[in-house]
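Please read it alongside the sequence and coordinates shown below.

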Amino acid sequence: MRGRMNAGLLVGGVLVGMVVLAALVSFFWTPHDPTLVDAAGKLREPGDGYLLGADKFGRDTFSQLMVGARTTLYVGIVAVGIAAVVGTPLGMAAGMTPRGWLSELIMRVNDLVFAFPALLLAVMLGAVYGAGTLTAMIAIGVATVPAFARVARAATLQVMVTDYVLAARAAGRRRPAIAFRHVLPNIGSVLIVQASVSFAIAILAEAALSFLGFGTRPPTPSWGRMLQESQELLFSTPRLALWPGLAIALAVLGFNLLGDGLRDFLDPKLRRIRAEG
Amino acid sequence: MLKVDGLTVRAGSVELVHDVSFAIGPGERVGLIGESGSGKSLTALSLMGLLPEGVAASGTARLGDRDLVGVPESRIKELRGREMSMVFQEPMTALNPLMRVGAQVAEVMTLHGRARREARARAVELLERVRLSEPAQIARAYPHQLSGGQRQRVMLAIALANEPGLLICDEPTTALDVTVQKQMLELIAEVAPALLFITHDLAVVASVCERVLVMYGGRVVESGPIREVFARPRHRYTEGLLAASKLTPRGTRLPTISGSVPPAGRFPDGCVFRNRCPHATPACETAPELTGDGHAFACWHPAD
Amino acid sequence: MTLYLLKRLAVLLASTAVAAVVVFAFMALLPGDPAEIALGVNATPEAVAELRRQFGTDRAPVAQFLDWAGGLLQGDFGTSYVTTAPVGPQIADRLGVTAVLVLGGMILALVIAVPLGTFAAVHHRNLLGAAISAVSQVGIAIPAFLAGILLVFVFAVQAQALPSGGYVPISENPAEWLRSLLLPWSSLGLVQGAVLTRYVRSAVLDVMREDYLRTARAKGRGSTGALWRHGLRNASIPVVTVLGLQLATLLVGAVVVERVFVVPGLGDLLLNGVAQRDLLLVQGVVMVLVAAVLLINFVVDVAYHLLDPRLR
């Protein structure tokens, strides 16, 4: 145990745990079929087996939230996965050759990608290929690469000047060996923190895209689209906006707290390297 | 001029400085020596009213007829930089990186009522007085363009700007190169009014001060004229400190004080040094008073 | 400094040029023939070929790009294949609305974050300071469009004090213009303010531990005076960096918030363009937004260098 349990880690862990649990359980069981249109149960009030009521198509809100958690996690995992798999090696390469042309090139391309926010990428992809979960995931993933690359680079720069790396280099170890033996294990905790923070941002991006109709397509439930569908009913049935809104906010809060908590828990020394949004 | 009586510094329930009393006359130069953790810096900071958050001082300290301890910040800040000044240990971080050096020197004068233009002009004079060559150019520079030694001279210029009666220096040369150290010490000795000089370095004290206070475990354990204390230390801690600093012939073992300084709040009752003292007896379980005229010490079994 | 400025300017121009290539390659070279789309499935090949010639899409991609990019330099974004209206004036019309929305949101965020973050830092040991941190943490978790929906619920549905959407040009009725923008500004500003508050807090906390603040107090300043005179400018350096990132985020946030409040800005134009498959329009709007982000980064970098003499 390197660190101490802290409140952020605990609260964040519980919130994230709830989202994961809801998603897992939804594979086997939901109170009702979340996509079942039921004209008779239109805008059904909460109660009587419908814990949070039903929407304008009679679909059970609670079931939709559960499956929506699955969508959210799915998009987040793939997007953060893309960002980590692409961004980490690039950042490490830039950090291990700080004055070389490679580093310069990587950081310039990084800056350029940075000018294309996830939403614009998703809109461009959507305009050409038609929008869907896949384009949303790719767009969010690509847009998150620069944050990973920057953090990986900053952490690598720190590791490269430590005595053990200097000793390994003096002993004539080759760069790939140093990267795998020394750099990667030592920047691992920073990357985990970054993953958590990026996950929170990916959830926000997915929600925004689904809200705009560039994310998950109907009938697959998604928190962002639930919000969008509820907007016209805000005057009559505000609860339809309340629940998905709360789900998004709590999930994002959970991943943010988890990220902060992990940073303190895993390695207080690396606190100086801030996860990027 | 400065009279400190029963100064005690606490962080919560932990006592960091206990019942320290001393006085500094006009123009007198007093050294305050001790290892890190002895409470010497806290003593100085409490005089300036600059104790860190959560640390509080009690007792009395008077500069002339003004109280320094237990008064609100609004009262003591009028004295800081005017009646008393302080030079800190770390010159690299003590200056604002975004402000030109001249402006930082002038600030201490405008703060205490001098006109801006006059302050600017005098800032250059002060930089010259602390022996910085090309003072006008230095005044226009930013701190990162200066060396550590130059920055410490700037700090000294700031401290001297309003001709305070008392200068407090907290390890002002520790962070400097050895060659620069010597010049800095000579300068301080030359320009200082009354001086409270804090250091862990006995040789430095000997070269600058007339009188010395030895602190250990938050207490003054010995005080007196520097020659007397150094030639004939009475407290066993002072004795050990001096022995450890003497040049020893090749081949002999350097004498050291056994053990190490306990963390704050973990010093023994009675004589704070007794757990490391080779001469400790059961009598040392009662705290000894600091007694003696001129050369005073707090020890049940003094050296002779 | 001049050298740096020139170098940075060159980087800005180069990255904008590269961005233009990327946007063009993305939008113009990928599947879908605008002429076929415009004429529908029943068009004769001759008619399609004729329209292609009119659009200029029968030429080599490089020629098309140079044509488009050359037009951009003169403010000509081309003519829509769908509506046959020139794209440039449409963008120009909407740009102002989005700019006002984003800048208003940013100002609101600053007005919230600077005092609150500073206060939270100064009082980081007591309950109120901790409470501010906690509230800002929650604020970060709320996306701008959700904040918008909440605000509509409170101020339009419940209190019925403000319009739930729509936009009135300032030239028509300044008071209504202000009322129509209050909720969109708040949606962007509150959320970004929450994010910024955390950064301001940590920047001020870092500065409060600096030795030069103690020096300032040793000169005779009180702790507040020292922080004011020596601390805030130092703390502003990391905050300016974040501010740049945030402006980019706000620009994107504005696209969504425009949709929530039916504000006719660039975001609205962009989404309509996508809905109508008006690729040239989408291409133009995306280019403007990307260029804006690059320009913001440029301004931030220069501001950073102006603030910090160590970098000059």
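**Chain contacts and domains**

Of the 2 pairs of chains in contact, chains A and C share the most contacts. The model is predicted.

Chains B and C, and chains A and B

- The contact between chain C and chain B takes in 18 residues of chain C and 27 residues of chain B.
- On the side of chain C that touches chain B, two or more residues come from each of helix H9 (211-218) and helix H10 (223-261) of chain C.
- H9(C) gives the largest share of that side, with 6 residues.
- By class, the side of chain C that touches chain B holds 10 charged, 5 polar and 3 nonpolar residues.
- Chain A and chain B are not joined by any contact, and their closest C-alpha atoms are 18 Å apart.

Domains of chain B

- Chain B is assigned two domains: domain 1 covers 2-83 + 164-297, and domain 2 covers 84-163.
- A distance of 27 Å separates the C-alpha centres of domain 1 and domain 2 of chain B.
- Domain 1 of chain B puts 25 residues into the contact, and domain 2 of chain B puts in 22 residues.
- At least two residues of the domain 1 side that touches domain 2 come from each of helix H1 (40-48), strand S7 (166-170) and helix H8 (178-191) of chain B.
- That side of domain 1 of chain B has 17 nonpolar, 5 charged and 3 polar residues.

Transmembrane annotation of chain C

- The unreviewed UniProt entry annotates "transmembrane region" in chain C at residues 9-30, 99-122, 134-157, 177-200, 237-261 and 281-307.
- In the model, residues 177-200 of chain C are 100% helix and 0% strand, with end C-alpha atoms 31 Å apart.
- Residues 281-307 of chain C are also 100% helix and 0% strand, and their end C-alpha atoms lie 39 Å apart.

Transmembrane annotation of chain A

- For chain A, UniProt (unreviewed entry) places "transmembrane region" at residues 7-29, 73-92, 112-145, 183-205 and 240-262.
- Residues 7-29 of chain A are 96% helix and 0% strand, and the end C-alpha atoms of this span are 32 Å apart.
- Residues 112-145 of chain A are 82% helix and 0% strand, and the end C-alpha atoms of this span are 11 Å apart.

Methods. Residues are numbered from 1 along each chain as its sequence is written. Chains are lettered from A and ligands numbered from 1 in the order in which they are written. This is a predicted model: local features need pLDDT of at least 70, side-chain atom pairs count only at pLDDT 80 or more; totals for chains, interfaces and linings use all residues. Domain bounds come from an automatic or database domain assignment. Two residues are in contact if their C-beta atoms, placed from the backbone, lie within 7 Å. Helices (H or I, at least four residues) and strands (E, at least two) are DSSP runs, numbered from the N terminus. Ala, Val, Leu, Ile, Met, Phe, Trp, Tyr, Cys and Pro count as nonpolar, Asp, Glu, Lys and Arg as charged, and the others, Gly among them, as polar. UniProt positions are given in the numbering used here, feature names are shortened, and annotations may be inferred rather than shown by experiment.
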